[in-house]
Amino acid sequence: MEINVIAVGKIKEDYIVQGINEYTQRLSSYCNLNIIEVKEASMAGKNEKNAGDIIKKKEGERLLEKLPERGYDIALDARGKPMTSEGLAKSINNLQVKGHSSLNFLIGGSLGLSEEVLDSVDYSLALSRMTFTHQMIRLILLEQLYRAFKIKSNEPYHK
């Protein structure tokens, strides 16, 4: 299985980089993981009322440009549908059974995802109803993917 995480921005905090590296290594036994970063849109000079929408749209265009042609596309959005870890494992298994060999997870910038991105995906997933930084979401997603693969493989993992 191929997992593509397409995200806005670079990770700046060392502790998050360390966590991402740890889960990237752990996931290597279960999938081919690709992390694709796109540049954040600049906030400089954006005094317009709809500056946030302009920034989200630009970042969204960059995300969609990097989206592989094939695969099942999942947006990470606080307004999406929540899922348990077991539910994620079951969903990954069901998608594989249906012939999907590639999952693409899209993570927006600090302002979230544009409506264009949300309208183009197959599924919108909420990892939590709480608000996290887009950098933390990347780490949380990788941990949940690792947990899902462990569940799917009937292997023990701490609760």
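Student: Which residues in H3 meet which residues in H5?

Tutor: This is a predicted model, and the contact reads as two lists. From H3 come Ser85, Glu86, Leu88, Ala89, Ile92, Asn93 and Gln96. Their counterparts in H5 are Gln144, Leu145, Arg147, Ala148, Phe149, Ile151 and Lys152.

Student: How do I describe the packing of H3 and H5, and at what angle do they pack?

Tutor: For two packed helices, one gives the angle between the axes and the distance between the axes. Here helix H3 covers residues 85-97 and helix H5 covers residues 134-152. They pack at about 70°, and their axes are 8 Å apart. Angles from 65 to 115 degrees count as roughly perpendicular, so H3 and H5 are roughly perpendicular to each other.

Student: What order do the strands of the sheet have?

Tutor: The order is E2-E1-E4-E3-E5, in an open sheet of five strands with parallel pairing. At the edges are E2 and strand E5 (123-126), each of which pairs on one side only. On average, neighbouring strands of this sheet are turned by 30° against each other, direction ignored.

Student: Which strands does H5 touch?

Tutor: H5 packs on the sheet and touches strand E1 (2-8), E2, E3 and E4. The direction of H5 makes about 170° with that of E1.

Student: How many bridges join E3 to E4, and how many pair E1 with E4?

Tutor: Strand E3 (residues 72-82) and strand E4 (residues 102-107) run parallel and are joined by four bridges. Within E4, phenylalanine 105 is the bridge partner of isoleucine 74. E1 and E4 also pair in the parallel sense, over six bridges. There, isoleucine 6 stands opposite leucine 106 in E4.

Student: Is E4 mostly covered or mostly exposed?

Tutor: Mostly covered: six of its six residues are buried. Ser102, Asn104 and Leu106 point one way from the strand, while Leu103, Phe105 and Ile107 point the other way. Both sets are buried.

Student: Take valine 5 in strand E1. Is valine 5 buried or exposed?

Tutor: The relative accessibility of valine 5 is 0%, so this residue counts as buried. Leaving out residues up to four places away in sequence, valine 5 touches Leu33, Asn34, Ile35, Ile36, Phe105, Ile107, Arg138, Leu141 and Leu142.

Student: Where in the chain are tyrosine 30 and tyrosine 146?

Tutor: Tyrosine 30 is in the loop between helix H1 (14-27) and strand E2 (32-38), and tyrosine 146 is in helix H5. The two are 116 residues apart, and the pair links distant parts of the chain. Tyrosine 30 counts as partly exposed because its relative accessibility is 21%. Tyrosine 146 has 9% and therefore counts as buried.

Student: Which residues form the aromatic cluster?

Tutor: Tyr23, Tyr30, Tyr146 and Phe149 form one cluster. Phe149 is also among the H5 residues that meet H3.

Note on methods: Residues numbered from 1 in each chain as written. Predicted model: local features only at pLDDT ≥ 70, side-chain atom pairs only at ≥ 80, totals over all residues. Heavy atoms only, no water. Axes fitted to C-alpha atoms, helices over the stretch in contact; angles between N-to-C directions. Parallel < 35°, antiparallel > 145°, perpendicular 65-115°, else oblique. Contact = heavy atoms within 4.5 Å. Buried < 20%, exposed > 50% of the residue type's maximum accessible area, 1.4 Å probe, protein only. Phe/Tyr/Trp six-rings, centres within 6.5 Å; stacked < 30°, edge-to-face > 60°. Pairing = 2+ DSSP bridges.
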